[in-house]
Amino acid sequence: MDHLDPRIGTLVRGMETVYYAFVHGYQADPLEGSLEQVEVALGLRQAPSAQAEAPPSPVPARRRLASSGTALREYTVTVTPSVVTYAGGSYTGSATFGEYTVQVLAKSHAQALQKARRERRDEEGRFGVPASFKARWVRQ
């Protein structure tokens with residue numbers, strides 16, 4: 001890599017390198033993007049022509065369906081609190097008390113679990129009884 005202009009900084013997010021520069025001064029938010037985008041914003045490089053850009057690669061059907069679906073689905077989340085019980089000084093194991101279900105509207109299975117956990121944490125507080133969560137999509 002050639003030497004960078006001293007106004008350009010680099011960040012590593014995950015496995016990707018992101019470049020940034022304070023184009024409008026330090027009081028404004030920095031411009032982040034590829035090296036080419038930052039250099040164009042600073043005036044170090046000419047903007048590429050629209051004809052030179054390659055067409056975007058087609059998105060696989062599975063990813064396209066997952067990202068374009070904004071419809072909410074109904075999930076039934078089963079919440080199973082677990083309480084460790086002791087009887088007479090000897091360990092008797094863990095027992096489940098008060099298993100219940102919650103109806104949640106969410107875009108995905110993970111979001112349904114997240115909403116149910118957040119709802120339980122809001123009701124019981126941070127130090128509530130530990131519980132396990134299982135979500136099922138309600139087919140209609």
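**Close-up 1. Tyr-20, Phe-22 and Tyr-26 form one aromatic cluster.** This is a predicted model, where local features need pLDDT of at least 70 and side-chain atom pairs pLDDT 80 or more, while totals for chains, interfaces and linings use all residues. Residues are numbered from 1 along each chain as its sequence is written, and side-chain values use heavy atoms, leaving out hydrogens and water. The count comes to two aromatic pairs (Phe, Tyr or six-membered Trp rings with centres within 6.5 Å; stacked if the planes are under 30 degrees apart, edge-to-face if over 60, tilted for the rest). Tyr-20 is partly exposed at 25% relative accessible area, as is Phe-22 at 31%, whereas Tyr-26 is exposed at 72% (buried is under 20%, exposed over 50%, partly exposed in between; 1.4 Å probe, protein chains only).

**Close-up 2. Arg-73 sits over the face of Trp-137.** The distance to the ring centre is 4.3 Å (the rule asks for NZ of Lys or CZ of Arg within 6 Å of the centre and within 35 degrees of the ring normal).

**Close-up 3. Here's the lining of the largest pocket, with H3 giving the largest share, four residues.** Helix H3 (109-124) and strand E7 (131-137) each supply at least two lining residues (DSSP runs numbered from the N terminus: helices H or I, at least four residues; strands E, at least two). Among the lining residues are Arg-117, Glu-124 and Phe-133.

Definitions and conventions: 1 Å grid on protein atoms, 1.4 Å probe; cavity = no way out; pocket = protein on both sides within 12 Å on 5 of 7 lines; lining within 4 Å.
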